[in-house]
Amino acid sequence: MNATKQIAVQNTRKVERLIQGVATSDGAGVSLTRVLTGKLQHRLDPFLMLDAFGSDDPDDYIAGFPDHPHRGFETITYMLAGRMRHRDSAGHEGLLGDGGVQWMTAGRGVIHSEIPEQKDGVMEGFQLWLNLPAQNKMAEPWYRDFASADIPEYATVEGVTVRVIAGESNGVAGAVSRTVTEPLYLDIHLPAGTSFSTAIPATHNAFIYTYRGAAHVAGMQVDLQRMGILSNTAGADGVTVSATEPTQLILVAGKPLNEPIVQYGPFVMNTQEEIHQALEDFRSGSFASERSAA
Ligand code: CO
């Protein structure tokens with residue numbers, strides 16, 4: 001890990017709105033907080049969903065997410081703590097552990113399961129859904145696991161550490177890059193009394209979510225377990241985040257697709273007809289095709 005000189009941000013974005021997540025349950029009964037809900041899909045295009053999970057009570061997570069389908073987007077699971085076993089119909093299998101990332105491009109369809117591989121202890125992390133452009137919604141599924149050590153990381157001279165899951169920050173390329181949506185996904189750890197800046201194109205939609213401490217952006221505080229939607233101020237060249245206490249947050253940004261979003265549960269397409277087709281294909285068993293049944 002190298003100390004990296006930060007590119008100065010001249011004109012930081014501001015916090016346009018603070019969002020408190022909604023407590024919900026998904027899978028076979030996993031307790032989680034839905035931070036980015038359907039109502040924010042257009043404002044935060046290309047991102048469709050963000051779930052935050054964090055509990056030391058096995059009853060909150062032990063049931064996991066048994067077999068379920070996805071089509072038309074990508075799921076990115078970032079595990080802060082805990083172990084989760086993933087299996088899918090394309091023949092992929094992996095164990096996601098502390099600090100690891102699983103990037104799954106559902107494309108035309110996968111059926112997968114995500115099951116905790118622990119009976120006690122803390123399970124904490126995020127699942128982010130990133131939309132696919134219309135032209136790629138029916139692409140072949142793709143999948144990759146990144147162990148914690150495989151996530152590029154850098155530190156600033158002030159001692160801020162940054163894990164670059166996707167995109168590029170201060171000259172450091174992340175684990176994954178995507179050409180159309182250009183996602184930036186950072187996990188930022190700020191010691192007390194430090195600040196951090198990174199460039200974001202003004203037209204990209206962006207948000208932060210504070211999961212330890214409290215973050216400050218242009219005079220606005222983004223409290224623990226709050227999302228701050230960052231304004232798309234014309235001329236803003238990035239964002240500057242600071243902290244008066246030890247603080248950890250994720251920063252997510254991407255280029256909007258500006259295409260119709262039609263969601264039915266785990267299927268996200270552009271038209272109602274494509275949703276009907278997805279349901280038909282799922283019911284007829286064509287998600288787990290011969291090609292990927294290995
Ligand atoms: Co899933």
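This is a predicted model: local features need pLDDT of at least 70, side-chain atom pairs count only at pLDDT 80 or more; totals for chains, interfaces and linings use all residues.
Residues are numbered from 1 along each chain as its sequence is written, and side-chain values use heavy atoms, with hydrogens and water left out.

On the buried side of H1 you'll find Ile275, Ala278, Leu279 and Asp281. Looking down the axis of H1, these buried residues fall within an arc of 165°, so they line one face of the helix (the arc is taken from the directions from the helix axis to the C-beta atoms). They pack against strand E26 (262-264) and strand E27 (267-269), where contact means heavy atoms within 4.5 Å.

H1 itself covers residues 272-283, so to speak 12 residues in all, and reaches 17 Å from its first C-alpha to its last, close to the 16 Å expected at 1.5 Å a residue (the expected span is 1.5 Å times one less than the number of residues). Just after H1, Gly285 takes a positive phi of about 85°. Helices (H or I, at least four residues) and strands (E, at least two) are DSSP runs, numbered from the N terminus.

## The cobalt site

Three histidines hold the protein side of the cobalt ion: His68, His70 and His112, each through NE2, at 2.0 to 2.1 Å. Donors here are N, O and S atoms within 2.8 Å of the metal (3.2 Å for Na, K and Ca), and water is not among the atoms, so sites may look incomplete.

Along the sequence, the donor residues follow the spacing H-x1-H-x41-H. His70 in strand E6 (residues 65-70) and His112 in strand E11 (residues 110-116) are 42 residues apart, so this pair links distant parts of the chain. His70 is buried at 2% relative accessible area, and His112 is buried at 0%.

## The seven-strand sheet

An open sheet of 7 strands runs in the order E3-E4-E5-E12-E7-E10-E13, with antiparallel pairing (two strands pair if DSSP finds at least two bridges between them). Strand E3 (22-26) and strand E13 (142-146) stand at the edges with a single partner strand each, so one side of each has no neighbour in the sheet.

Inside the sheet, E7 (residues 73-81) and E12 (residues 123-131) run antiparallel and are joined by 8 bridges. Met79 has Gly125 in E12 as its bridge partner.

Methods: Buried means under 20% relative accessible area, exposed over 50%, partly exposed in between (1.4 Å probe, protein chains only).
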